[in-house]
Amino acid sequence: MSDQQTSLFNSDPGASGSGSGFGLGGATTQPLDRPKRRELTWNPSADLGLLLLRFAVGGVFFAHGMQHVFGLWGGVGMTGLRNALTAFGFRNVNVLAWVTALTELVGGAAVVLGLFTPLAAAGLLALMINAVLLKAANGFFIAGPPGAASVELEVVLGLGAAALVLTGAGRIALENGRTWNRRPAPWGVLCLVIGVAAALAVYFLLRQR
């Protein structure tokens, strides 16, 4: 058999004693140095990922805003939006329809561009909270019997908007360097509270009971 050391510890054959720092047989034992993992830091991949998320979430809302404000791409226009809000039991539908459509249009564009992202995404989140509350009884899966009346899409868009509220737009954005972009956590929590409060206020105060 080979006399080569197989222990994970360096040993000094000439050392003896039984005090602290000595192993069996009097050999000193010291852990081998292991390579340290690189610390997790912000990187360009995170910025690219946030840009793609902004395009996905903001782009969908912007497209819906174009459908509602201008009737493009097979949209129902403002008349159809007012009728839908009326069917859901809302009051003051003329004002509420414009607020909804402009939030989709302007908020979606702002999220895509990375401009006032926490506040813009909070507005989009407020819309999706209302949509989920209104359609929750229809079920979750679009592939199920309710089809488009389910809440699957609204949940995904709402959670995506909530993520952007908390993370900010990243560095590939028009607001790069702004205070809320450099410190997204406190601003994100504030805007998240505002968005949720606005959504619940609209749902409970502007609907006929």
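Let's start at W73, which lies in the loop between α1 and α2. The phi angle of W73 is near 55 degrees, a positive value in a residue other than glycine. Is W73 buried or exposed? At 57% relative accessibility, W73 counts as exposed. For that word, exposed means over 50% relative accessible area, buried means under 20%, and partly exposed is in between, with a 1.4 Å probe and protein chains only.

A quick word on what we are looking at. This is a predicted model, where local features need pLDDT of at least 70 and side-chain atom pairs count only at pLDDT 80 or more, while totals for chains, interfaces and linings use all residues. Residues are numbered from 1 along each chain as its sequence is written, and side-chain values use heavy atoms, with hydrogens and water left out.

Now the overall picture. The protein has seven helices and two strands, and along the sequence they come in the pattern β-β-α-α-α-α-α-α-α. Of its 209 residues, 34% count as buried. I'll say "contact" a lot, and by that I mean heavy atoms within 4.5 Å. Taking contacts between residues at least 6 apart in sequence, 54% join residues at least 24 apart.

On to helix α1, residues 44–70. It has 27 residues and reaches 37 Å from its first C-alpha to its last, close to the 39 Å expected at 1.5 Å a residue. That expected span is 1.5 Å times one less than the number of residues. At the start of α1, a side-chain oxygen of N43 comes to within 3.0 Å of the backbone nitrogen of S45. Just after the helix, G71 takes a positive phi of about 70 degrees.

Which parts of α1 are buried? Among them are D47, L50, L51, R54, V57 and F61. What covers the buried residues includes α2 (77–87), α3 (93–113), α4 (117–135) and α5 (152–167).

Let me pick out D47 from that helix. D47 is buried, with a relative accessible area of 4%. What does its side chain find there? It makes a polar contact with the side chain of R171, at 2.7 Å. A polar contact is a pair of N or O atoms within 3.5 Å; within protein, one must be able to donate a hydrogen and the other to accept it, and residues adjacent in sequence count only if both atoms are side-chain atoms. Not counting residues up to four places away in sequence, D47 touches W42, G170, R171 and I172.

Next, how α1 meets α3. The two pack at an angle of about 145 degrees, with their axes 7 Å apart. Those axes are lines fitted to C-alpha atoms, for helices over the stretch in contact, and the angles run from 0 to 180 degrees between N-to-C directions. α1 passes α3 in a left-handed crossing, which is to say the near helix is turned anticlockwise from the far one by less than a right angle; clockwise would be right-handed. On the α1 side, the residues include R54, F55, F61 and F62, and they meet α3 residues including W98, A101, L102 and L105. By class, this contact has 14 nonpolar, six polar and two charged residues. Ala, Val, Leu, Ile, Met, Phe, Trp, Tyr, Cys and Pro count as nonpolar, Asp, Glu, Lys and Arg as charged, and the others, Gly among them, as polar.

α3 also packs against α2, at an angle of about 115 degrees and with axes 9 Å apart. That crossing is right-handed. Here M78, L81, R82, L85 and T86 in α2 meet α3 residues including V93, L96 and W98. The contact has eight nonpolar, three polar and one charged residues by class.

Leaving aside neighbours within four places in sequence, W98 is in contact with V69, M78 and R82. The C-alpha atoms of W98 and L81, 17 residues apart along the chain, are separated by 9.0 Å.

Finally, moving past α3, we reach F116, in the loop between α3 and α4.

Key
Helices (H or I, at least four residues) and strands (E, at least two) are DSSP runs, numbered from the N terminus.
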